[in-house]
Amino acid sequence: MAKLGDTVKGARVLSARVRAAEAADPEGRMSLIDHIRELRNRVVKIALALIVGTSIGLVPQVYNRVWHFVEHPFCAATINGHTGCSGLGDQLVLSGVLDPFMLRVEVAFFFGLVVTSPVWLYQLWAFVAPGLYRREKRWTYAFVGTAAPLFVIGAGIAYFAMSRGLGYLLGLTPKGVLNLPPVSTYLGYFFGMVIGFGLAFELPLLVLMLNVAGVLSHQFFRKWRRLIIFGVFVFAGIASPSPDPLTMLLLAGPCVVLVELAELLIWMNDRRRAARASLYEGLSDDDLAALGDADPVDSDRL
């Protein structure tokens with residue numbers, strides 16, 4: 001009976017300690033080990049989603065459609081008076097025994113990465129969200145909902161402008177020389193263009209996130225604005241080496257518009273912060289502390 005009483009007493013003490021820990025840390029912060037375990041679980045879920053998406057991409061019917069989509073910019077490029085994939089030279093080639101298999105894996109992984117993007121974006125969001133305040137979570141919902149469309153728009157513009165750059169580059173081949181680009185080289189160019197411009201369209205969103213987090217001010221951004229726009233045009237010119245200026249404007253123009261829109265939102269956000277700060281001018285530290293204790297929900301919304 002004495003041992004049973006000691007066990008019950010120990011259980012009560014442990015329960016009291018747990019309740020005390022919860023009361024001391026109502027936000028539910030996790031230790032470093034818990035963060036590592038949480039990260040491991042999220043990474044495992046992302047890996048499983050990518051495996052499922054890649055497996056679907058390996059299905060012959062799906063793979064054939066995705067491959068036609070990938071090779072379309074090359075086939076649509078005009079090279080020395082004819083289009084690519086026409087059988088008149090300038091065709092994509094494979095030169096190894098394992099190359100057809102590796103090509104299927106790379107294309108299927110690209111398909112899985114795109115199809116499962118909502119899954120791994122959500123997993124990244126679920127890992128970061130517990131450490132954010134309520135106001136930051138509201139902003140993050142908007143950011144996550146905007147990131148995917150911006151990436152698709154940038155990648156889509158690069159996809160439709162890619163054939164012009166390919167036509168110019170392959171058109172530099174001297175007459176009498178047969179140019180047979182390896183598939184791996186073309187895939188590197190394709191993925192670089194699509195992913196590069198998709199990420200470039202995320203730049204204004206990243207700048208806005210830094211401003212919301214209080215890291216970047218409009219005054220600092222205004223100093224670097226011209227350099228950012230210049231960098232966008234340089235990147236567009238390198239990615240599309242065609243001498244046609246329309247192609248460069250097609251790639252850089254929308255991104256510059258997004259940068260200008262981000263600057264406007266940053267300016268509005270800084271003005272809102274300045275107006276909010278003026279409400280508390282003249283108050284002592286004790287008054288500010290009393291306001292925070294009186295209505296913590298409203299102070300979190302500010």
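How many helices and strands does the protein chain have? The chain has twelve helices and two strands, where helices (H or I, at least four residues) and strands (E, at least two) are DSSP runs numbered from the N terminus. The model is predicted, so that local features need pLDDT of at least 70 and side-chain atom pairs count only at pLDDT 80 or more, whereas totals for chains, interfaces and linings use all residues. Residues are numbered from 1 along each chain as its sequence is written, and side-chain values use heavy atoms, with hydrogens and water left out.

Read from the N terminus, the order of elements is α-α-α-β-β-α-α-α-α-α-α-α-α-α. Of the 302 residues in the protein chain, 30% are buried (under 20% relative accessible area; exposed is over 50% and partly exposed in between, with a 1.4 Å probe and protein chains only). The chain exposes about 19100 Å², of which carbon and sulfur atoms supply 68%; accessible areas come from the Shrake-Rupley method with a 1.4 Å probe. Among contacts (heavy atoms within 4.5 Å) between residues at least 6 apart in sequence, 77% join residues at least 24 apart.

Two packed helices are described by the angle between their axes and the distance between the axes. Here, axes are lines fitted to C-alpha atoms, for helices over the stretch in contact, and angles run from 0 to 180 degrees between N-to-C directions. Helix H3 (residues 60-76) and helix H7 (residues 183-200) have axes that come within 11 Å and cross at roughly 90 degrees. H3 is therefore roughly perpendicular to H7 (65 to 115 degrees; under 35 counts as roughly parallel, over 145 as roughly antiparallel and the rest as oblique). In this contact, Trp67, Phe69, Val70, Glu71, Pro73 and Phe74 of H3 meet Val183, Tyr186, Leu187 and Phe190 of H7.

Val62, Tyr63, Val66 and Trp67 of H3 meet Leu103, Arg104, Val107 and Phe111 of H4, a contact with seven nonpolar, no polar and one charged residues.

Thr116 is located in the loop between H4 and helix H5 (117-128). Thr116 is buried, its relative accessible area being 8%. Leaving aside residues up to four places away in sequence, Thr116 touches Ala49, Leu50 and Gly53.

Terms used. Ala, Val, Leu, Ile, Met, Phe, Trp, Tyr, Cys and Pro count as nonpolar, Asp, Glu, Lys and Arg as charged, and the others, Gly among them, as polar.
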